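Dear colleague,

I am passing on the structure we spoke about, and I would be glad if you could look through it alongside the notes below.

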Amino acid sequence: MPADQTHAHEPDNGGGRVANHSNHRTHSPPPRPPALPAEVVPAYPPPESEDDETWVWTQIKAEARRDADAEPVLASFLYATVLSHPSLPRSLSFHLANKLCSSILPSTLLYDLFVATLTAHPSLRAAVVADLLAAHSRDPACVGFSHCLLNYKGFLAIQAHRVAHVLWAQERRPLALVLQSRIADVFAVDIHPAAVVGKGILLDHATGVVIGETAFVGGNVSILHHVTLGGTGKAVGDRHPKIGDGVLIGAGATIIGNVKIGAGAKIGAGSVVLKDVPARSTAVGNPATARMIGGKEAEGEDEDMPGESMDHTSFIRHWSYTI
């Protein structure tokens, strides 16, 4: 049950938060964070219009109303997390705050932090919408946008990470690291706040995903559970993988060191990757460089990127084997 659900049926004070009538003191909102340079919070190319956010938010509210009617035991929860809020950023902020709060990080503090960050950076809101669309289109188990918003820990972990990444860029690093720790504790997803993550990301199942400090993950990437984008040891500096756009990384794959995975590449489940993987290639095995296939013949413009098609097995036809 969300920490603030006891106030779920009290009137909204107009800002998406529930009024607390036991405390009549007024608190001025925290100042907005300063604008960040484009390389920290990039302005992603279209589509990222307000119409996309409005359409997705309309779908989420409609699904929440339907589910509240069908399952009255969830009505209070759905009202507190979705239906009482005027916008997707405020609903997401409320839900994340109640998921990640602790004795040292009260939900009200986290709510203000998430709302301020999402409000100040439109590209973060565009990424939220892109991630919702990615989960809905790529995961056949995703029955609706509200299901992803409320129940997909991979989606929630990525959104919280993006806020931690903004804090890191603003030199608010102690708070960023505490937030990283809470994300790891609650969602079993450990992403260093300095890591750069694009939009349209699907962390499918998400448990055990580890992404190191200097890692880069491009747009429209799909990553399954127990994937590690790690370093090789105690080396310092730029030491983590760089994942291109549209990459698919199978369950249990480990990519180690400052290696580059080209756009549209596919990393088979359980593979260990220690060297660069060319674009539109498939790497499987341990070490994965022993079986690298694909390449130019797979570069047709009409072919879906693996990160979007979620095709894990098409490479099998390229060789025969015996079980």
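The notes below go from the chain as a whole to its core, then to one strand and one loop.

Please keep in mind that this is a predicted model. The secondary structure of the chain comes to nine helices and 15 strands, and buried residues make up 48% of its 323 residues. The chain exposes about 15,400 Å², of which carbon and sulfur atoms supply 55%. Among contacts between residues at least 6 apart in sequence, 51% join residues that are at least 24 apart.

The largest nonpolar core has 79 residues, and the members that touch the most others in it are L132, I249 and I261. Helix α7 (residues 153-169) gives the most to this core, with ten residues. Leaving aside residues up to four places away in sequence, L132 touches V56, I60, L88, F145, C148, L149 and F155.

In a regular strand the side chains alternate between the two faces of the sheet. In strand β14 (residues 281-284), S281 and A283 point one way while T282 and V284 point the other way, and all of these residues are buried. Strand β14 pairs with β12 (residues 266-267) in the parallel sense over two bridges, and K266 stands opposite T282 in β14.

Finally, V143 lies in the loop between α5 (122-138) and α6 (145-151). Because its relative accessibility is 66%, and exposed means over 50%, V143 counts as exposed. The C-alpha atoms of V143 and E63 are separated by 9.9 Å, although the two residues are 80 residues apart along the chain.

With best wishes

Key:
Residues are numbered from 1 along each chain as its sequence is written. This is a predicted model: local features need pLDDT of at least 70, side-chain atom pairs count only at pLDDT 80 or more; totals for chains, interfaces and linings use all residues. Side-chain values use heavy atoms; hydrogens and water are left out. Helices (H or I, at least four residues) and strands (E, at least two) are DSSP runs, numbered from the N terminus. Buried means under 20% relative accessible area, exposed over 50%, partly exposed in between (1.4 Å probe, protein chains only). Two strands pair if DSSP finds at least two bridges between them. A nonpolar core is a set of buried Ala, Val, Leu, Ile, Met, Phe, Trp, Tyr and Cys residues joined through side-chain atoms within 4.5 Å. Contact means heavy atoms within 4.5 Å. Accessible areas come from the Shrake-Rupley method with a 1.4 Å probe; for residues, only the protein chains shown count as cover.
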